[in-house]
Structure formats: C-alpha cells, structure tokens
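Thanks for making the time this morning.

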Amino acid sequence: MSCNTSVTHLNVSSVDKAQQTPVHLMPCEIEHNGPAKVSQYFAATMKDHKHETTVSFRGRGLKGQELSCPQGYTGLVLKEVNKPGSDQEDRTVKVSSVFNKLTYWNLETPPNSDDTVVMAMDWPELAEAIHGPVEE
Amino acid sequence: MAAKKKRAPNVQNDSWVVIAADSAIHTQKHDRDADFVKLRNPSTDAACLYMLGCGDAQLYEVKAFEEDFHSWFVGQTVQRDGRLVFVTPMDPLFLILPYFIKSGKEAKFQPVDQVVTDEEFPACSRLLSCTRSLASLQHIAEEKEAGSTKFHRYSEEKTMNWLKKKVERTVVALKRRNISVGEGVKSTTYVRVKSEPDSHEEDYLRYAHGLISEYISADLSRALLKHLELPELLSPKETEPPSKKRKLSDNPVEAGEDYTKFNSADFVRKPPKKMTAAQKTLAKVDKTGMKPMSSFFSPKVKAEKN
C-alpha cells in the first residue's frame, strides 16, 4: 500500500537553470531509459518538404509535425533527484530541461488535427472553462 | 487490436515530460516550491495526484495523455514513458465539495476546517489555503457568521446552480473550439452538425456534463443531468456521453481495463496517475460527428483504490 501522506516537491527555481531541449514524441515504445545519440542518428536525417517533415528511424519513414505549447504554458522535463528507498519518504523532482515546442512523429498517417497529442493541446483551454471562477 | 507483446515493466522511470501552466513555475517567490500531493479524487473517491503551487495559493490538476507504443527523445536521451503530462489550474471547490456533502448529512452549520479533514489524506486541509477556496464556499454552502467565525452548511440547490454554470462555461469553450476547427479539417463535421441545431445544443450540454462529471460523484452527476433537464439515455449507444459510462465508476468494471497497471498512487515509481486511455478512446472516436473531443477527454481512470 502506498502512502498518501508522502509529498513530491517540485524544485521550482531549477527552471532558471534548465536548458531549452528538443523533444520528439516517437510512435513506438523504446524499452530504454538513458543516453542515445539522437542528434547524430535521428535528427540528422530530418527533412523538411513543402508540406511535411520526414525522418528515417530504424529504416522506417516517419512523418512529423512541430507543435507549440499552448499559450501560457511551458514544456518541462522533470527529473527525480536522490530517489529515496521507500514510498513513505518525500521525494524531490527538478526541472531538467524546458521546451516551447515539441515534434511528434506518426508512422504512416500524415500528422492531422485528430492526433491525440494535437487534441491534448486543447486541454488547457477546456480546463480553464471547467475550473475558472463562475460569476455570482 | 492485436494482442500486446509482453514488455518488461518500466520500473526505472525517473523522468516526465510535462506541459505546465506558467503560473505554477514562474512564481514571484522562487523560494516557494510546488508540491505534488495525493488527494481524494471527487469522482472515484480514490487517491489521485494533484499539485499545489505558489505556496498553496493555487491547486493544479495533473493529467496524463497517453497512447500505446510511444516514447520520448529528450535531448540526447531516450525516455521510455511516452506520456505527456498536463498541469493545469484546477478549481479547489471540486475537491472540497465531497467533504461538505458528507458533513451535510448532519445538517448543521460547521466551521470549514472541521468539514475539510481527512485522516487518509491529510493534505486536504491545504486546499483551504487556495486563494479562491474560502470565497467560493458560498457556491456550495449556506453561510452563517457568529462573531468572527464563519459556519457553513452544504446546500444541494446552490451546488446544482454552481455546477450548471460550470456546464454553461464549458459549452461556450467547446463551441469556441469547434468554430476554429470547423474552418479546417473538420469542416464536414461542422456543416453536418449545423443542419441539426436542436440535437446540436443538447450534444454540447451532454458533452460538457460529461466533462464536469469527471470531478463529481456519480450521484451528483445524475442529479446534475436532471437539473440540466437532460433525459437519461436509456440504452447505451455510440452517442452516449462519457458521463453515462461513468455511472459504473464505483464498480470494478473500469479496474478491469489494462491501463490500471499504471494507476498506482505512487507518483515516482509509476508516474503521475490520472491518465486517459487515449489509444482506446481514439479508436472509438466517431469522426462523423461531435464526439471526438468528449470521447477523447472523458473516459479515464484516475487512480486505484489503495
């Protein structure tokens, strides 16, 4: 049973030191967490055509699109610092990178407005309607 | 969908890709950190992850959008967990309301700090520090003042009116979104929908009701449907709003879905709760009508019971 009283602190000031980093949402699960030569073997194969961006990954052509973060929002990559041993203890995460736009890649379908990640970008506006203050 | 290949569980995850409201990170006081805390989800009654920022002045919802078979490249690293986590401002009253409903059964006026307490979720008292909390109690409770102390008693009538306003605000936002998408790829949807103005309006209402129902109990959701003068749908159909499906939210039905394996209350090992079964719902998306957004945003399990 996990502990409902433990808290995960977000070290907010770490955002000042965080670097802008390119982020790509890949259409496959990669069973790995850790370093990879992304710019050398992936980003280097990106091509901008008239209406689409393509890249080759493991011999497959991917079609991509850049998405900006919604207005008033910033992309953050949070990383845990000093992972504690038990889930009773409080934890801390810091902002390790920031981004204002991301690139998502589809395997076959050209990027379009029905893509999950595109629709997800509408969430802040709907959330504002749901959670904003109502008049008296 | 083809059977999933067996994957090694992702246990080493210590990194998350997040899109967060600027207010949560660009605070004037940088010494005031934000906290991810577990609180009782008003719809499921189970532990769920939220964030308190700006020195507890603002509550945030933590919601993960997820599709099967996705991973991130972040700079020169791979992050296996392909979820995109949104941190958006949330109305604390949604989390305070269940405590009032519970105490309302005693039908007495009580000080708010006696109402909003929870042994299981001690962080709930921090909700009362949110800027909007105390001032907005009048939307769900009657108020009496004795000396310098205020006493409150739950009012269903007030709550219904408040929730109705929430639905109306949401309808406006949905329409606004729709007009902008109507010019582009979804123009056929827009035109089709235009030709049936009556059902159109009801669709919006049901749809907004479904979104609001994510933040209230199943009982309250039903009562709100009545308050909105929307008939309950008798048979489950494709057009059914997400809220209807959620009626079963107390049953183990949803727990049978395979995404529950991610819904641990443990933020760090198996990252933030709240997630949509995006892949599944996307498969169900009816691209001929108004449904995509609601199918997309609504059916989700936020956290497991401990």
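**Chain A, chain B and a ring cluster**

Let me begin with chain A, which has three helices and 10 strands, and let me say at once that what we are looking at is a predicted model. If you follow chain A from the N terminus on, the elements come in the order β-β-β-β-α-β-β-β-β-β-β-α-α. The radius of gyration of chain A is 19 Å, whereas the globule rule gives 14 Å for 136 residues, and 19 Å is well over that value, so chain A is more spread out than a compact globule. In terms of extent along the principal axes, the C-alpha atoms of chain A fill a box of roughly 50 × 50 × 35 Å.

How much of chain A counts as buried? The share is 51% of its 136 residues. Turning to contacts, if we take those in chain A with a separation of 6 or more, then 64% of them are accounted for by residues 24 or more positions apart. The accessible surface of chain A comes to about 6900 Å², and carbon and sulfur atoms hold 48% of that surface. As for charge, chain A carries 12 positive and 18 negative side chains, with the centres of these two sets lying 15 Å apart.

One element of chain A that I would like to point out is helix H3, residues 123-131, which is mostly covered, since seven of its nine residues are buried. Among the buried residues of H3(A) are Trp123(A), Pro124(A), Leu126(A) and His131(A).

Chain B, for its part, has a secondary structure that comes to 11 helices and 11 strands. Of its 306 residues, 55% count as buried, and the accessible surface of chain B comes to about 13400 Å², with 53% of it belonging to carbon and sulfur atoms. Among the contacts in chain B between residues at least 6 apart in sequence, 66% join residues at least 24 apart.

Now to the aromatic rings, where the count over all chains comes to seven aromatic pairs. One of these is formed by Phe42(A) and Phe57(A), an edge-to-face pair with 5.9 Å from centre to centre and 80° between the planes. Why does this pair tie together parts that are 15 residues apart in sequence? Phe42(A) lies in the loop between helix H1 (38-41) and strand S5 (47-48) of chain A, while Phe57(A) lies in strand S6 (residues 53-57) of chain A, and so the pair links those parts. Phe42(A) counts as buried because its relative accessibility is 2%, and Phe57(A) also counts as buried, at 18% relative accessibility, because the cut-off is under 20%.

Phe57(A) forms a further aromatic pair, with Phe73(B), and that pair is edge-to-face too, at 5.8 Å centre to centre and 75° between the planes. Phe57(A) sits in strand S6 of chain A and Phe73(B) in strand S5 (residues 71-74) of chain B, so this pair joins two chains. Phe73(B) is itself buried, with a relative accessible area of 5%. Taken together, ring pairs link Phe42(A), Phe57(A), Trp105(A) and Phe73(B) into a cluster, and that cluster is where I will stop.

Notes: Residues are numbered from 1 along each chain as its sequence is written. Chains are lettered from A and ligands numbered from 1 in the order in which they are written. This is a predicted model: local features need pLDDT of at least 70, side-chain atom pairs count only at pLDDT 80 or more; totals for chains, interfaces and linings use all residues. Side-chain values use heavy atoms; hydrogens and water are left out. Helices (H or I, at least four residues) and strands (E, at least two) are DSSP runs, numbered from the N terminus. The radius of gyration is taken over C-alpha atoms; the globule rule is 2.2 Å times the number of residues to the power 0.38. Buried means under 20% relative accessible area, exposed over 50%, partly exposed in between (1.4 Å probe, protein chains only). Contact means heavy atoms within 4.5 Å. Accessible areas come from the Shrake-Rupley method with a 1.4 Å probe; for residues, only the protein chains shown count as cover. Lys and Arg count as positive and Asp and Glu as negative; His and the chain ends are not counted. The place of a charge is taken as NZ of Lys, CZ of Arg, CG of Asp or CD of Glu. Rings of Phe, Tyr and Trp (its six-membered ring) pair if their centres lie within 6.5 Å; planes under 30 degrees apart count as stacked, over 60 as edge-to-face and the rest as tilted.
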